[in-house]
Amino acid sequence: RTRMSGSALFALLLAGHVMLAWNFQVSLPIRISPSSRAVPTKVTARVQPRSLTVCSAQKNDLQWPSVWNLPRQICYLLTQALEDEVQDFSHFRKFVFDSPVSCSEKLDGTNVGKTRDGTLLGRKLTIDDATNQYQKCPLEPLRALQTKGCIDDVLALLGHDGTKKVGKSALYGELCCNSGLYTYQDRALPKTWQLFGAVVELQDMATAEQAACKAQSQGLLCTTSNEAPIVQIGSSPVLSNLFSKHGLPHIKTEEFANVYEFIEQKKGWMMSERGEGLVLSVGMEEDSAVYKWKISREPQEVTIAKLESIITRFKQGRIADADPKILSLLDSLHAVATHPDSETIARAENKKGKQAKTRAVDASKVRVALQSALTKFDSLDATFSARGQSAMADLVKQLTQEVVSDTDLELPAGEEKRAAAVKEVEGDVKRFVGQAFGQFCRRNESKE
């Protein structure tokens, strides 16, 4: 029998302790700055399975395109007409009174696509094939849904007979990751995937235009891009029927004769606080376009100012086209945008008595833009689980870029003012990510 020295015995015991710790948990020492004392100096974080690292480094190059804001589009068209010497309202009237509308509810979650071969797409990056959750939603039900047959039917309506080259194609839906909002619980929407559209990449721009025209003639509402051979297909009864045919969950679609009728009939719903807003596909003769109309919970100061300016001109008789329907339309949009939202009022009540800090960018707008940015990637907890504190700098940079590029944020003009605003936003994001990491650490401690 071989005698073991004391140092060798100690080394053996230490190795066993290390292996045991590796199998069950790892203690992660964290360096804390004086300004973040809420974060514990030592965090015990469980080792997460590989499947929780959900976003691959591969960019999603088949993203659901950005959606225009409906009130702003109407203001833009009216402004264009008013600035014209003869005040030509023909394009505005064609959009508002002559274009059929297909509408569906805008659910508050995150866009997720599923390609013909089953690959899952986040808003910015593809989702790792090995993962089992995204934005804290289980992916097994989504992966079990068969999208190939439905995509093939969409391709057939686009004129694809198997002889022409087709790039990637995907069905897109809202992954309902925000469970406690509106009436989502009552309708069993949390953590489900609700389809609303499709995106198809074709051989070239000309082919995309031809395919969109063909599909448009058969009832699909298609939008083409000026930058890539992409066809975006919005909600319509034809698309909803395809979803139903293949047993795929989808958002209910309604039809309206035109934009004016849609606004007049849905303004009551928009002020009822039953949902985040509505998405509409507007069918033009040669093309269609997708727009969003959000309730007043999202700050809309610029839109309100533009509406009030045009309404004033209208009431002063300075508009050539005196159709009372135009004023009714503008009044309806203004009523929705200025509706006293209960949640906004509650936040304002909580802030009473507090001295507001002078800012370059409205804090409420930053909050809304940041919430939108957070849905474009996986949850912060998943990232912290995979990378720990080392992820914080990348997260701050990534989220800041998304927030400042949000078209609804409206950064101030001028190089110096804009730079100051971006720095302010970065500070907001840094504070938010730091607090989120602190909460993540405390939750992990409480599990021990």
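**Figure 1. Salt bridges around Asp152.** This predicted model holds 20 salt bridges. In one, the side chains of Asp152 and Arg116 meet, with N to O at 2.7 Å. That link joins distant parts of the chain: Asp152 sits in helix 5 (residues 148-157), while Arg116 is in the loop between strand 6 (110-115) and strand 7 (120-121), 36 residues apart. In the other, Asp152 meets the side chain of Lys148, with N to O at 3.4 Å. Lys148 and Asp152 are 4 residues apart in helix 5, so about one helical turn separates them.

Figure 2. Lys365 belongs to helix 12 (residues 363-374) and Glu301 to helix 9, so the pair ties together parts that are 64 residues apart in sequence. Which of the two counts as buried, and which as partly exposed? Lys365 is the buried one, because its relative accessibility of 14% falls under the 20% cut-off. Glu301, at 41%, counts as partly exposed.

**Figure 3. A salt-bridge network of four residues.** Lys106, Glu276, Lys294 and Glu298 are the members, linked to one another in a network of salt bridges. Keep an eye on Lys294, as this residue turns up again among the contacts of Val336.

Figure 4. A search of the whole structure turns up 8 aromatic pairs. One of them is Trp64 with Tyr172, a tilted pair at 5.9 Å centre to centre, with 45 degrees between the planes. Trp64 is in the loop between strand 3 (55-59) and strand 4 (68-69), and Tyr172 is in strand 11 (residues 166-175), so this pair ties together parts that are 108 residues apart in sequence. Trp64 also pairs with Phe196: the ring centres are 5.0 Å apart and the planes stand at 75 degrees, so this pair is edge-to-face. Phe196 comes from strand 12 (residues 193-202), so here the parts tied together are 132 residues apart in sequence. Trp64 and Tyr172 are both buried, and Phe196 is buried as well. Put together, Trp64, Tyr172 and Phe196 make one aromatic cluster.

Figure 5. Strand 5 (residues 101-105) and strand 15 run antiparallel and are joined by 4 bridges. Across that pairing, Ser104 stands opposite Thr253 in strand 15.

**Figure 6. The largest nonpolar core and Trp293.** This core has 40 residues, and those with the most contacts inside it are Leu70, Ile74, Phe92, Phe95, Phe262, Ile263 and Trp293. Elements that give two or more residues to the core include helix 3 (90-97), strand 5, helix 8 (259-270), strand 16 (277-283) and strand 17 (288-294). Helix 2 supplies the largest share, 7 residues. Leaving aside neighbours within four places in sequence, Trp293 contacts, among others, Leu70, Pro71, Phe262, Ile263, Met270, Leu333 and Val336. There's also a second, separate core of 33 residues, which includes Cys137, Leu158, Val200 and Leu239.

**Figure 7. Val336 in helix 10.** Val336 lies in helix 10 (residues 324-337) and counts as buried at 1% relative accessibility. Not counting residues up to four places away in sequence, Val336 touches Lys267, Met270, Met271, Trp293, Lys294 and Ser296.

Figure 8. Is Thr400 buried or exposed? Thr400 is buried, with a relative accessible area of 8%. Setting aside neighbours within four places in sequence, Thr400 is in contact with Val425, Glu426 and Val429.

Notes: Residues are numbered from 1 along each chain as its sequence is written. This is a predicted model: local features need pLDDT of at least 70, side-chain atom pairs count only at pLDDT 80 or more; totals for chains, interfaces and linings use all residues. Side-chain values use heavy atoms; hydrogens and water are left out. Rings of Phe, Tyr and Trp (its six-membered ring) pair if their centres lie within 6.5 Å; planes under 30 degrees apart count as stacked, over 60 as edge-to-face and the rest as tilted. Buried means under 20% relative accessible area, exposed over 50%, partly exposed in between (1.4 Å probe, protein chains only). Two strands pair if DSSP finds at least two bridges between them. Contact means heavy atoms within 4.5 Å. A nonpolar core is a set of buried Ala, Val, Leu, Ile, Met, Phe, Trp, Tyr and Cys residues joined through side-chain atoms within 4.5 Å.
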